[in-house]
Amino acid sequence: VGCNRLCNCAAWSSNGLLAYGAGNFVGLYNNKEQVVRTLRGHKDRVNCVEWISETEIISGSTDSSLFLWKSDENGSFKNTSKLQIHSGSITSLAVISYPNSNGKTLVVATSADRTISIWLRESCEVEFELQQHGSLVGEAVECCALHFLPATEKYQQTPLLALGGVGGAGSCRGSEIILFLPSETSENGKLNFQKVVGLKGHEDWIRCLSFITSDDGSVLLASCAQDNFIRLWKVETSSEEQSKKEKEKTDDIFASLAMLDTIHSTSMSQQGHTFKCNDEWFSAILESVLYGHEDWVYSVYWHPPITLENGKKSQPLCLLSASMDKTMMIWRPQEEENGVWINEVRVGELGGNTLGFYGGLFSPDGKRILAHGYNGAFHLWERNDNSAGQYDPLPTVSGHFGPVNDCSWDPSGEYFVTIVKIKQQEFSPHGNKRKEILLLKFILKFHDLKFTDMISNADALLGVNHIAS
C-alpha cells in the first residue's frame with residue numbers, strides 16, 4: 001500500500017520499523033525483510049503518524065480522531081485507545097517523551113477546525129488526559145513541533161511548542177511561526193500554553209517544523225515553506241540586560257522598515273526576540289536561510305543523535321530536506337566557510353511521474369535516507385562509506401492509492417499485475433524469497449481499468465471503460 005500524499009505522513013522508529021499513512025490504514029514497513037503490515041481502525045484517510053516509543057504509535061486521521069497503537073509480546077500492534085475532541089480532520093502531530101520518566105509523554109494535535117489539542121500522560125500505565133483545547137492561533141495550522149527549552153540550573157524540562165500556519169501574500173500571520181510555553185499559572189493543575197513570540201520570515205505556507213538540541217545546549221528549529229526557503233532559528237538562554245538591548249534594536253528596525261511593513265514584507269525580519277519563562281530569559285533569532293530547492297519545500301528532518309567512541313551522545317548539525325522539485329538535500333555548516341550551511345548531497349528522480357517528494361527521513365543510524373512521493377512510492381538511498389558524499393539507490397516497496405480492481409500473475413510466476421481505479425497499472429516482480437518490489441508503473445489516461453489478464457510474460461489484456469476526452 002502506497003504512502004498517502006501528505007507531509008508528516010511517515011515516521012522511522014529506532015527499532016527499524018517505518019510507520020506511514022496508507023489510505024485509511026497505518027502501514028508498517030520493515031526495510032530489511034521487505035514486509036508491509038497494515039493496522040486497521042480509522043474510518044478515513046490517515047494524515048499523520050508519530051512514534052511515541054519503539055512499541056507505541058499515535059496516528060491522526062481525516063475522521064478527526066487520534067488512535068494509540070501498542071505492540072504486544074509477539075510484536076503485533078493493536079489499537080488501545082482513541083482520543084476524540086476535534087470536529088475536523090487532524091493535520092499534524094507532535095510528540096515528546098520526558099527523559100528519565102516512566103513513559104511521561106506530551107502530544108499536540110492540530111486540526112482543520114482551526115483548533116489545537118494538547119494531551120499529557122504521566123506514565124505508560126495511565127491514559128492520556130486532555131490539557132488544553134482551543135484556537136491558539138486563530139487560523140488554520142499546517143504543522144507543529146515539540147521540544148524542550150535549553151536547560152537551566154532550575155528548569156530542565158520545560159516544553160516548547162511551535163506552530164506553523166497557512167497564508168501567504170496579504171496574510172498578516174499565515175506564514176508566521178509562533179512559539180508557545182506553559183503558563184506559570186494554570187487551571188486545575190493542567191498545562192496551559194500561551195504565546196511568547198512570533199518568528200516572521202517565510203512568505204508562504206509553512207509546511208514542516210523540526211527541533212534539535214545541539215551539543216552546545218542551544219535549540220535549533222528548522223522550518224520550510226512553499227516559498228522554496230528553509231530557515232534555521234536558534235533558541236538559547238539570555239539575560240534581562242540582553243532583552244533590553246534586543247528591544248532597542250527591534251525598535252530601530254521597525255522604524256527603518258515602516259514602509260516595508262505596509263506592504264506586508266517580512267523577508268528582512270532578522271531581529272532577535274527575547275522572552276521570559278518563569279524567572280529565566282531566553283532569546284530566539286534567525287540563524288540562517290537555506291536556498292537550493294526550485295519548488296515548494298515540504299519536509300525538513302534532522303539527523304538522529306549518534307554515539308561517540310566514549311559512549312556519549314552527540315547531535316550532528318545535519319539537515320535533510322525534501323521538495324516538490326523531485327530532490328532531497330543534505331545540509332551541513334562548513335567550518336572553512338565560517339559556518340555557512342551548504343547542501344553537500346543532492347539525490348532525487350529524473351523524469352518519470354514522481355511529481356515531487358512530500359517527505360524525507362533519516363534512518364535511525366543516519367546511514368540511509370528515504371523519501372515518499374506523489375505516487376505513494378518510497379525512494380531509498382544508502383550512504384556509500386567508500387565515497388564521501390555519495391548515496392546509492394536501493395530497492396524498496398511501493399503500492400497503489402485506491403482500491404485494487406483486479407490482479408493477474410505472469411504465466412511464469414515471476415511477477416504479477418495489479419490495476420486500480422485511479423487509471424494506473426503496476427508490475428511487481430516476485431523473487432525466490434517472496435519479496436515484492438515495484439518494477440514498473442504506468443498511467444493510462446482517460447481510461448478506468450476494470451480487469452486484467454496476463455497472456456504471456458510480456459503481454460497483458462486490459463478491460464477498460466473508455467472516457468472520451
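Hi everyone, let's start on a strand: Phe-229 lies in strand 19, which covers residues 229–237. Strands here, like helices, are DSSP runs numbered from the N terminus, with at least two residues of E for a strand and at least four of H or I for a helix. What we have is a predicted model, so local features need pLDDT of at least 70 and side-chain atom pairs count only at pLDDT 80 or more, while totals for chains, interfaces and linings use all residues. Residues are numbered from 1 along each chain as its sequence is written, and side-chain values use heavy atoms, with hydrogens and water left out.

Back to Phe-229. With a relative accessibility of 30%, Phe-229 counts as partly exposed, the class between buried (under 20% relative accessible area) and exposed (over 50%), with a 1.4 Å probe and protein chains only. Together with Val-289 and Tyr-291, Phe-229 makes a nonpolar surface patch of about 270 Å². Patches take residues with over 30% relative accessible area and no salt bridge, joining nonpolar side chains (Val, Leu, Ile, Met, Phe, Trp, Tyr) within 5 Å and like charges within 9 Å. The areas come from Shrake-Rupley with a 1.4 Å probe, and for residues only the protein chains shown count as cover.

Now to the hairpins. Strand 20 pairs with strand 21 (residues 280–291) in the antiparallel sense, over five bridges; pairing asks for at least two DSSP bridges between two strands. Across that pairing, Thr-274 stands opposite Ser-283. Two residues sit between the strands of this hairpin, where Asn-278 takes a positive phi near 55°.

Which way do strands 26 and 27 run, parallel or antiparallel? They run antiparallel, joined by eight bridges. Met-328 of this pairing stands opposite Val-347 in strand 27. This hairpin has five residues between its strands, and Asn-338 takes a positive phi near 60° there.

While we are on backbone angles, two loops deserve a look. Asn-100, in the loop between strand 9 (90–97) and strand 10 (105–111), has a phi near 55°, positive in a residue other than glycine. Asn-100 is exposed, at a relative accessible area of 83%. Lys-326, in the loop between strand 25 (319–323) and strand 26 (327–334), is not a glycine either, yet has a positive phi of about 75°.

On to the aromatics. How many aromatic pairs does a search of the whole structure find? There are 12, where rings of Phe, Tyr and Trp (its six-membered ring) pair with centres within 6.5 Å, and planes under 30 degrees apart are stacked, over 60 edge-to-face, the rest tilted. Tyr-98 and Phe-148 form an edge-to-face pair, 5.2 Å centre to centre with 65° between the planes. Tyr-98 is in the loop between strands 9 and 10 and Phe-148 in strand 13 (residues 141–148), so this pair ties together parts 50 residues apart in sequence. Tyr-98 and Phe-148 are both buried.

Trp-302 and Trp-341 are edge-to-face because their ring centres are 6.0 Å apart and their planes at 70°. That pair links strand 22 (residues 297–302) with strand 27 (residues 340–348), the two residues being 39 apart. Both tryptophans, Trp-302 and Trp-341, are buried.

Ring pairs also link Trp-296, Tyr-298, Tyr-358 and Tyr-374 into a cluster. Arg-5 lies over the face of Tyr-374, 3.9 Å from the ring centre, and Arg-207 over the face of Tyr-298, at 4.8 Å. Such a charge needs NZ of Lys or CZ of Arg within 6 Å of the ring centre and within 35 degrees of the ring normal.

Glu-142 and Arg-207 meet in one, at 2.7 Å, N to O. This pair links strand 13 to strand 17 across 65 residues, and both Glu-142 and Arg-207 are buried.

Finally, Asp-385 bridges to Arg-383, with the closest N and O atoms 3.2 Å apart. Asp-385 counts as exposed at 57% relative accessibility, and Arg-383 as partly exposed at 30%. Thanks, everyone!

Conventions
A salt bridge is a side-chain nitrogen of Lys or Arg within 4 Å of a carboxyl oxygen of Asp or Glu.
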